[in-house]
Amino acid sequence: MTTTVDTTTITVELPEAFDPRWNRLPGITADGKRITIDPAQHFFRFENRSWLVVDWATVQSDLLHAEETEASAVEQIALDFIKANGRSTNDAGEVLATAYQVYTYLFRDEHLAALGLPKVTADHLRMLREAATFMALNKVELSGHISNVGPCWFFPSATGVVFDLDEEDGRMLDEVYHGGWFNEHRRIEGVLAHTALGGRLVHGCQSVPDQSGGVVAAYGTSMSKFGEELAAFKNEWIEQVESHRVTPARTSS
């Protein structure tokens with residue numbers, strides 16, 4: 001099922017060059033630092049070209065060092081900050097640029113020494129930064145309806161296709177992405193940083209990664225409706241992503 005309401009080409013110039021293998025996925029042209037997306041080819045569903053964002057400079061200066069108290073949890077701090085500073089944008093390029101700043105901050109190399117996961121390298125962090133940037137264009141409405149879905153919703157499959165990862169490495173990358181780096185301090189960092197994208201990171205996985213990926217959703221989004229919609233369509237969409245593999249997926253023994 002594919003639905004597209006706006007076929008205007010999306011373009012953005014980012015601070016770093018992206019891996020040219022992103023061109024394996026339909027509708028993406030990665031030409032050094034310049035990214036071009038053809039929505040009609042790229043998205044499985046693209047119904048809403050409007051996103052909530054907060055200027056990253058404002059998040060950096062006014063929020064990233066905030067500390068929760070007994071009276072105000074970090075999620076409440078983030079929600080209040082979005083209410084005070086959030087604005088709607090129809091510029092998908094701005095969303096991509098903001099997302100790249102968010103994930104450059106969250107997946108920075110300085111974390112590697114304390115991560116406790118020796119298989120995760122600086123190259124893996126680069127993969128995470130790039131894939132999460134594209135993921136930011138996905139969208140879920142407050143009702144829980146999934147309005148925008150691109151290949152990077154299905155994080156392990158998309159990164160496997162682009163970076164020739166086997167199943168084990170793809171799942172490891174997905175764990176780092178969704179797991180807040182297995183550390184409460186880094187989870188809090190993620191809550192605060194994601195205010196720049198207007199919400200919090202949620203995902204459709206169960207207790208173990210199952211390719212369901214994720215999206216930054218506004219606080220208050222219906223998770224039950226979200227889960228129902230994702231379950232109804234995800235297998236079909238995952239198969240389409242996997243069909244673009246250049247090398248066959250290898251399962252770990």
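Student: Is the crossing of α4 and α9 left-handed or right-handed?
Tutor: The crossing of α4 and α9 is right-handed, that is, the near helix is turned clockwise from the far one by less than a right angle. Helices (H or I, at least four residues) and strands (E, at least two) are DSSP runs, numbered from the N terminus. The model is predicted: local features need pLDDT of at least 70 and side-chain atom pairs count only at pLDDT 80 or more, while totals for chains, interfaces and linings use all residues. Residues are numbered from 1 along each chain as its sequence is written, and side-chain values use heavy atoms, without hydrogens and water.

Student: At what angle do the axes of α4 and α9 cross?
Tutor: The axes of α4 (residues 92-106) and α9 (residues 184-193) cross at roughly 165° and come within 10 Å. Axes are lines fitted to C-alpha atoms over the stretch in contact, with angles from 0 to 180 degrees between N-to-C directions. α4 and α9 are therefore roughly antiparallel (over 145 degrees).

Student: Which residues meet there?
Tutor: From α4, V102, Y105 and L106 meet E189, G190 and A193 of α9 (heavy atoms within 4.5 Å). This contact of α4 with α9 has 4 nonpolar, 1 polar and 1 charged residues; Ala, Val, Leu, Ile, Met, Phe, Trp, Tyr, Cys and Pro count as nonpolar, Asp, Glu, Lys and Arg as charged, and the others, Gly among them, as polar.

Student: Turning to the second largest pocket, which strand supplies the largest share of its lining?
Tutor: β6 supplies the largest share, 3 residues. β6 (51-53), β8 (139-140) and β11 (214-217) each give at least two. By class, the lining has 11 nonpolar, 2 polar and 2 charged residues. A pocket is an open set of points on a 1 Å grid over the protein atoms alone where a 1.4 Å probe fits, with protein on both sides within 12 Å along at least five of seven lines; lining residues have an atom within 4 Å of a point.

Student: Which residues lie nearest its centre?
Tutor: Of the 15 lining residues, L52, K139, L197, V216 and A218 lie nearest the centre of the second largest pocket.

Note on methods: Angles under 35 degrees count as roughly parallel, over 145 as roughly antiparallel, 65 to 115 as roughly perpendicular and the rest as oblique.
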